[in-house]
Amino acid sequence: MLKKQLVAALLLFLSMIGTAHLSLAQETKAGSSDPIAQLLRQGWKIVQDGVLQRDRGANQVETFVFGAAGFTWKLQDLQGQLHNLRLAYQVTPTPELRKTILNHRQEIANTQKLIALAQAAEAIGVSPVDDKVSCSLSFTYNASAAALTSSQGVTGSASATFTGSCGFTGEVYAYSYSTAVVSGGSTTQTLTDGPRSGANVTASAFTSQTGGPSCTSYAYASMTSSNLSPSSYTISATNTSCTAPTTPPSPSISGTNYIYVASGCTTTTWTSSVSGGTSPYTYSWTWNGTVVGTGSSYSRTTCAGSVYSYTTNTLGLTVTDSGSRTGSTSLSVDVEKDPVGSGCRVAQNGAVVCP
């Protein structure tokens with residue numbers, strides 16, 4: 001019974017694949033008598049009566065369901081998703097999440113109707129499509145969930161489209177949610193589109209949430225053929241990673257840019273701070289190009305001496321992180337030595353003028 005139902009459902013399934021799966025459709029037209037074997041060669045696996053799945057990698061899973069058994073499985077999957085959405089709503093009761101739950105419940109109600117439709121079709125032995133009818137049917141489906149690359153956080157994206165003729169209609173539905181910890185609490189962003197039915201319909205949803213672990217993003221897209229004996233195609237993607245992007249270290253220098261010594265000696269200290277990169281860090285301080293220090297701070301002693309001088313110097317700092325990434329900065333430091341009684345001064349043109 002399973003194989004008979006599957007072969008019948010695949011007539012519609014293969015007619016709707018379109019150019020994205022042209023090789024499979026061409027193989028069928030060439031006269032292959034075992035659609036199940038064709039799908040197995042394409043990476044599909046029979047999960048149970050009326051349900052086939054294929055792992056697309058990158059945490060993406062495609063599912064094809066048909067018949068009452070297949071739509072019953074889809075109903076249970078949707079109910080599990082609804083449970084997760086309700087848990088998220090308890091933590092973050094946003095209007096967007098409330099709307100997502102309402103739309104998801106509508107998708108569940110529509111699926112319950114399709115179970116009844118499929119049961120009626122099976123009772124009278126209706127095939128999903130008459131192979132003598134020429135139809136132009138196509139659909140697309142996409143879902144992705146991943147960590148953000150520009151900042152720490154997660155993102156999810158889903159879309160589904162259906163275009164049909166011959167009186168066929170389709171239903172599309174898409175939603176995504178992204179959850180991350182912000183200021184010590186979990187924050188969820190959700191977006192839903194559909195369910196929407198017609199001969200030419202589209203649904204899409206995209207979410208993005210910055211924040212730290214723990215974090216999750218999920219995307220789900222569904223296309224259902226609403227003919228007399230329905231079938232449905234879904235794709236989902238799940239992500240639980242939100243590792244902070246690693247950027248090169250960016251150092252800065254805190255401290256004076258002017259030293260004045262009239263007599264004796266004075267000690268000046270500059271300190272560093274670093275953003276980005278991965279600790280621990282190593283430091284290299286330079287004075288006019290010569291390495292003078294290797295700690296997170298640098299101290300320099302300047303003495304007045306016996307001759308007046310005014311110099312402009314460059315204090316440089318290069319920081320290397322544990323991943324061997326480097327970042328550099330510098331500070332211009334003017335040093336004025338004015339021994340007591342010298343009477344020297346710096347003219348407007350920068351020249352030192354002494355009596």
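# Loops, links and helices: a short tour

Hi everyone, thanks for coming. Let's start at Asn-288, which sits in the loop between strand S14 (282-287) and strand S15 (290-293). Before I go on, please keep in mind that this is a predicted model.

So what is the phi of Asn-288? The value is near 55°, which is positive in a residue other than glycine. As background, most residues other than glycine have a negative phi, and most peptide bonds are trans. Is Asn-288 buried or partly exposed? Its relative accessibility is 44%, so Asn-288 counts as partly exposed.

Asn-59 is another residue other than glycine with a positive phi, here near 60°. You can find Asn-59 in the loop between strand S2 (51-57) and strand S3 (60-66). With 52% relative accessibility, Asn-59 counts as exposed.

While we are on backbone torsions, let me show you the cis peptide bonds. One of them runs from Gly-194 to Pro-195, with omega near 5°, and Pro-195 belongs to strand S7. There is also a cis peptide bond from Pro-213 to Ser-214. Ser-214 is part of strand S9.

Staying with strand S7 (residues 185-198) for a moment, Asp-193 is there too. Its relative accessible area is 17%, and under 20% means buried, so Asp-193 is buried. What does the side chain of Asp-193 reach? It comes to 2.9 Å from the backbone nitrogen of Ser-204.

Ser-232 has 1% relative accessibility, so it counts as buried. A polar atom of the Ser-232 side chain lies 3.3 Å from the backbone oxygen of Met-223. The side chain of Ser-232 also makes a polar contact with the side chain of Thr-224, at 3.0 Å.

How many disulfides does a search of the whole structure find? The search finds two. For anyone who wants the reminder, a disulfide is a covalent bond between the sulfur atoms of two cysteines.

Cys-215 is joined to Cys-242, with an S to S distance of 2.1 Å. This link of Cys-215 and Cys-242 is left-handed, with -110° about the S-S bond. The pair ties together distant parts of the chain: Cys-215 is in strand S9 (residues 212-225), while Cys-242 is in the loop between strand S10 (231-239) and strand S11 (250-254), 27 residues apart. Both Cys-215 and Cys-242 are buried.

Cys-265 and Cys-303 also form a disulfide, and their sulfur atoms are 1.9 Å apart. Why is this one called right-handed? The torsion about the S-S bond of Cys-265 and Cys-303 is about 100°, so the disulfide is right-handed. Here too, the link is between distant parts of the chain, with Cys-265 in strand S13 (residues 265-275) and Cys-303 in strand S16 (residues 297-303), 38 residues apart. Cys-303 has a relative accessible area of 32%, so it is partly exposed.

Let's turn to the helices. Helix H4 (residues 67-91) has 25 residues and reaches 37 Å from its first C-alpha to its last, close to the 36 Å expected at 1.5 Å a residue. Among the buried residues of H4 are Phe-71, Trp-73, Leu-75, Leu-78, Leu-82 and Leu-85, and also Lys-74 and Gln-81. His-83 is in helix H4 as well, but His-83 is partly exposed, with a relative accessible area of 49%. Between His-83 and Ile-101 there are 9.4 Å in space, C-alpha to C-alpha, and the two are 18 residues apart in sequence.

Helix H5 (residues 95-124) has 30 residues, and its span from first C-alpha to last is 44 Å, close to the expected 44 Å. Just after H5 comes Gly-125, with a positive phi of about 75°.

Last stop, the surface. Which residues form a nonpolar patch there? They are Tyr-258, Tyr-260 and Tyr-310, with about 280 Å² of accessible area together. Tyr-310 is in strand S17 (residues 309-320), and Tyr-310 is partly exposed, at a relative accessible area of 30%.

Note on methods. Residues are numbered from 1 along each chain as its sequence is written. This is a predicted model: local features need pLDDT of at least 70, side-chain atom pairs count only at pLDDT 80 or more; totals for chains, interfaces and linings use all residues. Side-chain values use heavy atoms; hydrogens and water are left out. Patches are made of residues with over 30% relative accessible area and no salt bridge: like charges are joined within 9 Å, nonpolar side chains (Val, Leu, Ile, Met, Phe, Trp, Tyr) within 5 Å. Accessible areas come from the Shrake-Rupley method with a 1.4 Å probe; for residues, only the protein chains shown count as cover. A salt bridge is a side-chain nitrogen of Lys or Arg within 4 Å of a carboxyl oxygen of Asp or Glu. Helices (H or I, at least four residues) and strands (E, at least two) are DSSP runs, numbered from the N terminus. Buried means under 20% relative accessible area, exposed over 50%, partly exposed in between (1.4 Å probe, protein chains only). The expected span of a helix is 1.5 Å times one less than its number of residues. A disulfide is a pair of cysteine sulfur atoms within 2.5 Å. A polar contact is a pair of N or O atoms within 3.5 Å; within protein, one must be able to donate a hydrogen and the other to accept it, and residues adjacent in sequence count only if both atoms are side-chain atoms.
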